[in-house]
Amino acid sequence: VWVAVLLIASDAYAADYYVSSSAGSNLNIGTEARPFKNVSTWTSPASPLAGNKLKPGDRVFFKRGDEWTGLDAQWNITASGAAGSPITFDVYGTGANPLFTGAKTAAAIGNGADTWTQYSSNPKIWVNIAGSVNWDCRVVVEDGTKPLWRAGGVTTSNGTLSAMKRGTFYSDGSKLYVWTTNDQRPDAHTIYIGMNPTDHAWRGLVKVKPDGGSSYIIFKNLDVRMSNSQGFSSSGEHQEFWDCNSSFNAKDGFAFHKYYVQAPGAQYNRAYNCTAANNAIAGGDNGSGFTIQTPYTWLYNCVSGDNGMAGIDFLDFNSSTDVHHSGAYNCTALNNGKSSTTINNFEPGIYINGGRDILLYNCIVGNNGMDANREKLYPAPGITVDVEPSGFSSGKRPDNINIINCVSYNNLGEA
């Protein structure tokens, strides 16, 4: 009897909230008839959607077909659900998944004004002079599908102006330089420019408490893209991602991490039917489709393709990371290892870089090792188990790695 009473009391406090960029207002009360407008309301202490005010069992619904851009697309979950009463972020209505775009178009940034001027030393390079913008960007995408390469790659703090060529960009913190893929002036295209902060190594566009601690969170049917850092960034426990997509981000599509966060970091997390594509492919930063630094983290029926580094990376590289009892079921990793920096990555479809008790079951890897322009081929393997992790001061040797019923084909290195 006492158990039943407690469960009823818990459910009674759960609430549903609705958010719509097209039909909402930040002055509304968050019902389906009167939805909030954007997630920036959550930063207001008075908002019931402020991250630390969400309660176990609460649900937040985003309207299908809507898009949030720039800083309005960035959100940080600091609350926790509970076992049996998670906090859930889902969708309502019909149409495409809600889209969170960390970039804004150059036209939107300039309020419709032409803010491009030719660079005096090279008339094919155009400079954006919108004075109110901090041009510390890692993502510039032409027409929504063509990422421009960061001139100089990640080996320099802001790229290199002298390294610019067709299809590249360079930012110096106060100006953005762009050379389009067809030499046209940028306003002949729709140019998307990353806007969300880059000042934290694990600052995702959609992130769960950067210092760790938030637990029992479920994300469903949400798409993120064009973040200056990760797409989804998870540092809490018992988090689930269902049918979510992450693309064109400067770093990882999905990051389950312990590095830089308060213990215990992410663990007991799952991703189901998720897709990571075109992440870390333009020299903006390093990253993989799915990066797992954590124990008890599993991917089911996920697809990772066309990423700059590995499709799936089990990355146990220092004393802060701890990858074990994790793995991938029925996952696909294709066309990864595209060389996101000025040097060849040789990144495989699936990379086991340290870790123990890892299982790959029924996975398919193929066509890995081709650069973003399909111009150069690198000897990237299908699956790599790195027995001598290099590049890190305290790389860990993998142990008890199980690869069962997996297929590796047409990769440009070993199987």
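**Entry 1: a salt bridge.** I began with R356, which pairs with D322 in a salt bridge; the closest N and O atoms are 3.2 Å apart. The model is predicted. I checked where the partners sit. Buried or exposed? I looked up both against the limits of 20% and 50%. R356 has a relative accessible area of 34%, so I list R356 as partly exposed. D322 comes to 24% and is partly exposed.

**Entry 2: other salt bridges.** How many salt bridges does the structure hold? I found 6. One of them joins R59 to D16, with 2.7 Å between the closest N and O atoms. R59 is partly exposed at 38% relative accessible area. D16 is partly exposed at 32%.

I then took R166 and D183, whose side chains meet in a salt bridge at 2.6 Å, N to O. Both are in loops: R166 between β12 (149-150) and β13 (168-171), D183 between β14 (176-179) and β15 (191-194). They are 17 residues apart. I read 47% relative accessible area for R166, partly exposed. For D183 I read 23%, also partly exposed. K124 joins R166 and D183 in a network of salt bridges.

**Entry 3: the chain as a whole.** I counted elements next: 2 helices and 36 strands. Of the 415 residues, 54% count as buried. The accessible surface is about 16600 Å², and 51% of it belongs to carbon and sulfur atoms. I also looked at contacts with a separation of 6 or more: residues 24 or more positions apart account for 71% of them.

**Entry 4: strand β28.** I followed strand β28 (residues 312-315) and its side chains. I312 and F314 point one way, D313 and L315 the other way, and all are buried. Strand β25 (residues 290-292) runs parallel to β28, joined by 3 bridges. I292 has F314 as its bridge partner in β28. Strand β31 (residues 350-353) also pairs with β28 in the parallel sense, over 4 bridges. There D313 stands opposite Y351.

**Entry 5: an open sheet.** In which order do the 4 strands of the open sheet run? I read β7-β15-β10-β11, with antiparallel pairing. The edge strands are β7 (103-105) and β11 (146-147), each pairing on one side only. Strand β10 (residues 140-142) is joined to β11 by 2 bridges. E142 has K146 as its bridge partner in β11.

Entry 6: The largest nonpolar core has 48 residues; F62, W75, F89, F100, F219, L222 and L299 touch the most other members. Strand β5 (residues 87-92) gives this core its largest share, 3 residues. Another core, of 12 residues, lies apart from it and includes W126, L148, F169 and V178.

Y409 is in strand β36 (residues 407-409). Y409 has 34% relative accessibility, so I list Y409 as partly exposed.

Conventions: Residues are numbered from 1 along each chain as its sequence is written. This is a predicted model: local features need pLDDT of at least 70, side-chain atom pairs count only at pLDDT 80 or more; totals for chains, interfaces and linings use all residues. Side-chain values use heavy atoms; hydrogens and water are left out. Two strands pair if DSSP finds at least two bridges between them. A nonpolar core is a set of buried Ala, Val, Leu, Ile, Met, Phe, Trp, Tyr and Cys residues joined through side-chain atoms within 4.5 Å. Buried means under 20% relative accessible area, exposed over 50%, partly exposed in between (1.4 Å probe, protein chains only). Contact means heavy atoms within 4.5 Å. Accessible areas come from the Shrake-Rupley method with a 1.4 Å probe; for residues, only the protein chains shown count as cover. A salt bridge is a side-chain nitrogen of Lys or Arg within 4 Å of a carboxyl oxygen of Asp or Glu.
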